[in-house]
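Subject: Structure handover

Hello,

Here is the structure for you to take over. My notes on it follow below.

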Amino acid sequence: MSRLVVMCVDALFTTDLEDAARMEGFAAIMDHAGIYKNIECVYPTLTYPCHATIMSGCWPERHGICHNEKLDPGTNNREWYWNYKDLTVKTIFDYAKENNLTTAAFEWPVTAGAEIDYMIPEMWTYDHTPDMREVLLPNSSPAMKEIYEKNCHIMNWKENPRFDSFQVQCAVDIIHRYKPDVLFMHQSHLDHTRHVYGLHAPEVQEALRLHDGWIRQVIEALKEEELFEDTTFIILGDHGHLQVDYNICPNVLLAREGIVRTDGAGNIREWDAYIQSCGISAQVYIKKQEAEGIVLRLLGDLKDLGYVRDIFTKEEVKEKFHLDGEFSYMIEAAPNYAFGNAACGDLLAGTDTTDYKYSVATHGHLPARGDKPCFIVRGAGVPEGVFEGARLVDEAPTMMKILGLSYGEGEMDGAPLDRKS
């Protein structure tokens with residue numbers, strides 16, 4: 001069995017590989033690695049559905065994470081799918097535990113409360129409180145309290161790059177103290193940079209250099225413990241991005257029809273139907289059947305105007321993209337548009353850096369659109385070269401094979417990437 005380190009650089013594109021290969025940390029892994037380009041993602045291309053797939057090998061229709069955010073229009077959907085109990089399938093952490101392997105995870109989505117030996121989840125407070133002990137520690141592994149206290153001065157709410165720096169230092173400390181068999185890390189600074197500055201802005205290069213430094217820190221810790229050569233090291237991206245110039249706010253139209261009702265401040269208080277933004281797609285929820293015809297008419301008008309590219313029924317989404325949920329329809333924005341949640345104001349708005357869904361670059365789009373993620377795996381027995389044709393659901397089965405773990409027939413939707421494509 002090989003030890004396994006998995007580092008997700010959120011929004012790492014296949015088109016970033018040429019630049020990354022010139023950086024010391026990335027190059028240390030990319031040299032003599034299997035590099036899988038243009039990974040087929042899941043729909044919507046959002047971080048939490050993607051990460052649930054990466055660790056389970058299942059499509060979203062099976063693992064149950066259909067969005068980053070739980071539906072709650074009255075709070076603008078502020079609660080995320082942070083909790084491991086929200087998953088409806090087993091993950092690599094469960095298989096590892098069943099086989100007496102020690103596990104660690106830092107900022108990996110949908111892990112709060114999981115039985116992972118050394119874990120601090122990705123969670124945050126609602127009020128930008130720098131000290132997040134009250135939310136993080138109760139949902140972390142008991143063994144993490146001392147290391148959290150040692151490193152929490154680095155962190156400031158979910159501010160990047162400090163949040164990533166915090167978790168990298170925790171991971172380094174765990175490598176030195178406990179040498180876990182399986183270590184997962186999720187870093188979000190590159191994704192944040194793309195949201196704020198754009199797909200290929202100059203700031204993206206600086207973000208890549210920061211990630212390169214964090215990779216070097218983890219490699220150095222493994223080398224100091226004489227573990228590096230016996231470790232399979234994976235660097236992966238989770239999704240792409242698309243440029244956004246305008247945001248469409250279809251709930252404004254629903255409010256004009258009385259289907260959505262707000263208070264004086266524009267907060268949603270009641271709704272018969274509601275359209276929840278996934279960024280460049282949106283999920284359409286219909287609570288009262290009599291509202292459905294009005295909603296479909298309004299969506300048809302938006303498509304005729306060139307703002308909406310596709311309207312999918314729930315059944316079409318499940319058949320074509322392996323996604324299921326309580327929504328009735330999904331809509332996909334036209335090029336250069338994304339969706340907002342606002343129910344008051346204008347139908348069209350500019351970009352807004354206060355929310356990842358409304359910024360100058362975002363995701364949540366169909367898997368075939370835009371830049372696509374990559375999957376880089378370096379370790380003994382791993383086929384070297386550059387390959388195409390892999391899917392996000394294939395990544396967990398690949399990790400399982402690296403660890404020498406088995407799973408039952410039908411428990412994962414993907415297959416190990418042990419062949420040239």
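A cavity is a set of grid points where a 1.4 Å probe fits but cannot get out, and its lining residues are those with an atom within 4 Å of a point. Please keep in mind that this is a predicted model.

The cavity

The structure holds one cavity of 30 Å³ or more. The volume of the largest cavity is about 40 Å³. Its lining is made up of Arg 3, Val 5, Ile 175, Lys 179, Pro 180, Leu 183, Leu 222 and Leu 227. By class, six residues of this lining are nonpolar, none is polar and two are charged.

Helix 8 and helix 10

Two residues of that lining, Ile 175 and Leu 222, also take part in the contact of helix 8 with helix 10. Helix 8 covers residues 162-178 and helix 10 covers residues 202-224; their axes come within 9 Å and cross at roughly 10°. Angles under 35 degrees count as roughly parallel, and the two helices are therefore roughly parallel to each other. On the side of helix 8, the contact is made by Asp 164, Ser 165, Val 168, Gln 169, Val 172, Ile 175 and His 176. Helix 10 contributes His 211, Trp 214, Gln 217, Val 218, Ala 221, Leu 222 and Glu 224. Taken together, the residues of this contact are seven nonpolar, five polar and two charged.

The largest pocket

The largest pocket holds about 900 Å³ of space. It is lined by 35 residues, and the closest to its centre are Trp 80, Trp 124, Trp 157, Lys 158 and Tyr 356. The lining divides into eight nonpolar, 17 polar and 10 charged residues. Helix 3 (47-56) and helix 9 (189-197) each supply at least two residues of it. The largest share, four residues, comes from helix 9.

Aromatic pairs

The structure holds 18 aromatic pairs. One of them joins Tyr 48 and Trp 80: the ring centres are 5.1 Å apart and the planes stand at 75°, so the pair is edge-to-face. The class follows because planes over 60 degrees apart count as edge-to-face. Tyr 48 lies in helix 3, while Trp 80 sits in the loop between helix 4 (60-63) and helix 5 (92-98), so the pair ties together parts that are 32 residues apart in sequence. Trp 80 is also one of the residues closest to the centre of the largest pocket, and helix 3 supplies at least two residues of the pocket's lining.

Regards

How values were computed
Residues numbered from 1 in each chain as written. Predicted model: local features only at pLDDT ≥ 70, side-chain atom pairs only at ≥ 80, totals over all residues. Heavy atoms only, no water. 1 Å grid on protein atoms, 1.4 Å probe; cavity = no way out; pocket = protein on both sides within 12 Å on 5 of 7 lines; lining within 4 Å. Points joined across faces, edges and corners; volume = space filled by probe spheres on them. Nonpolar A, V, L, I, M, F, W, Y, C, P; charged D, E, K, R; others polar. Axes fitted to C-alpha atoms, helices over the stretch in contact; angles between N-to-C directions. Parallel < 35°, antiparallel > 145°, perpendicular 65-115°, else oblique. Contact = heavy atoms within 4.5 Å. Phe/Tyr/Trp six-rings, centres within 6.5 Å; stacked < 30°, edge-to-face > 60°.
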